[in-house]
Amino acid sequence: MRIVSPISAGPSSQAKILDGKTVRDQIKSEIRPRVERLRSHAGRAPGLAVVLVGNDPASESYVRSKTLTAAELGIHSEQITRPAEITTEALLAIVQELNGREEIDAILVQLPLPAHIDTQRVLGAVLPEKDVDGFHPFNVGLLTMGRPGLKPCTPAGVIRMLKHYGIAMAGKHAVVAGRSDIVGKPMSLLLLQENATVTICHSKTPDLAAVCRTADILVAAIGRPALLNANHIRPGAVVVDVGVNRIDSRTEAERIFSPERLAVFDKNGSLLVGDVNPVDMARLASAYTPVPGGVGPLTIAMLMSNTIEAAERRTGVA
Ligand code: NAD
């Protein structure tokens, strides 16, 4: 992997922006020759199936982006869309059918599923070798043991980003705020695998700010707009903001944004913000991921990377 611009450990007057689009483009450029190799050696493109239940606009938009990126990279993709009323049994039957198809290497069930669906049963039904999101208990087990396997895309993208920018993790204190199965927990395990000393915080942590202030690397994956601020960031820390929250109240926007961004808010009527106050983050961190344009672009790129990895393992072409 190419390492560029090593980040110094101490505070800097000019924070380095960790740009997700640059890393995304590099991941894509690495995928293209692998797709070609697979085509020539296995006689087919890697295959990704995306299962979408219901018509949640955010999920529809994510799935659209995934399908477009797959097409751009020469990955075969299929979308299976079913109404929100589908039963768990009927969804399981779809997963089983996809499990049995030779040309499908990767299966993604778009979350969240409607409340009446048994999500854990559905995720557990995906063949581990095709579990491109890394949510199957078998892959979670491999991740916990530090063994090779398909890893959840967003945290894997964060590690990729930190490596790209030459940010040392070994021996550093990493604090992960958030303990979800999708981001917080796998993020902590991946940082541990990189030999960071890891602390996980969550909604029951009594003094979140005090713990966050001890971080060399602070990862925010909470889902609360700009919850973390100057009280949570040690000067010189590297801050990774995974959160994506839409702000449409001007009072809230005034609390969070710089005058320039406030002008953009006034023009658009809403703006995206992460879990970290962007002004405080830019002022105090030595390096940080902006929202948007930081972690966001990496998730789909890592999904494609996982798809090709699954295809290579299944076909024996590497
Ligand atoms: P989640 O709701 O499943 O989990 C949130 C976690 O935050 C929980 O573990 C909870 O304990 C913790 N938490 C809640 N309130 C807290 C508080 N006051 N103090 C400390 N911890 C608190 O969310 P998630 O799926 O992990 O997503 C987190 C954020 O990351 C969301 O904003 C989501 O949109 C975003 N996200 C972004 C990407 C991406 O590609 N950029 C991908 C996945 C998720």
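Reader: A cavity, on a 1 Å grid over the protein atoms alone, is a set of points where a 1.4 Å probe fits but cannot get out. How many cavities of 30 Å³ or more are there?

Author: The count comes to 1 cavity of 30 Å³ or more. This is a predicted model, where local features need pLDDT of at least 70, side-chain atom pairs count only at pLDDT 80 or more, and totals for chains, interfaces and linings use all residues. Residues are numbered from 1 along each chain as its sequence is written, and side-chain values use heavy atoms, with hydrogens and water left out.

Reader: What volume does the largest cavity have?

Author: About 50 Å³ for the largest cavity, taken as the space filled by probe spheres set on the grid points.

Reader: Which residues line the largest cavity?

Author: Its lining (residues with an atom within 4 Å of a point) is made of Ile107, Leu108, Val109, Leu123, Val126, Asp131, Val132, Asp133 and Phe135. Strand 4, residues 106-109, gives the most, with 3 residues. Helices (at least four residues) and strands (at least two) are DSSP runs.

Reader: Pockets next. What is the volume of the largest pocket?

Author: The largest pocket comes to about 1400 Å³. A pocket is an open set of points with protein on both sides within 12 Å along at least five of seven lines. Its lining has 45 residues, and those closest to the centre are Tyr62, Thr154, Val244, Gly296 and Thr299.

Reader: Which helix supplies the largest share of that pocket's lining?

Author: Helix 2, with 7 residues. Helix 1, helix 2 (57-72), helix 6 and helix 12 each supply at least two residues to the lining of the largest pocket. By type, that lining holds 24 nonpolar, 14 polar and 7 charged residues.

Reader: You mentioned Thr154. Buried or exposed?

Author: Thr154 has a relative accessibility of 13%, so it counts as buried. Buried means under 20%, exposed over 50%, and partly exposed is in between, with a 1.4 Å probe. Thr154 sits in helix 6, residues 153-164.

Reader: What does Thr154 touch?

Author: Val242, Val295 and Thr299, setting aside residues up to four places away in sequence. Contact means heavy atoms within 4.5 Å.

Reader: At what angle do helix 6 and helix 12 pack?

Author: Helix 6 and helix 12 (residues 296-315) pack at about 100°, and their axes are 8 Å apart. That makes helix 6 roughly perpendicular to helix 12, a label for angles of 65 to 115 degrees. On the helix 6 side the contact uses Cys153, Thr154, Ala156, Gly157, Val158, Arg160 and Met161, and helix 12 brings Leu298, Thr299, Met302, Leu303 and Asn306. The residues of this contact divide into 7 nonpolar, 4 polar and 1 charged.

Reader: Different topic. Where is Lys28, and is it buried or exposed?

Author: Lys28 is in helix 1, residues 20-42. It is buried, at a relative accessible area of 11%. Its contacts, beyond four places in sequence, are Thr69, Glu72 and Leu73.

Reader: What about Ile94, which residues is it in contact with?

Author: Val51, Ile80, Arg82 and Ile86, leaving aside neighbours within four places. Ile94 belongs to helix 3, residues 88-100, and is buried at 12%.

Notes. Axes are lines fitted to C-alpha atoms, for helices over the stretch in contact, and angles run from 0 to 180 degrees between N-to-C directions. Angles under 35 degrees count as roughly parallel, over 145 as roughly antiparallel, 65 to 115 as roughly perpendicular and the rest as oblique. Ala, Val, Leu, Ile, Met, Phe, Trp, Tyr, Cys and Pro count as nonpolar, Asp, Glu, Lys and Arg as charged, and the others, Gly among them, as polar.
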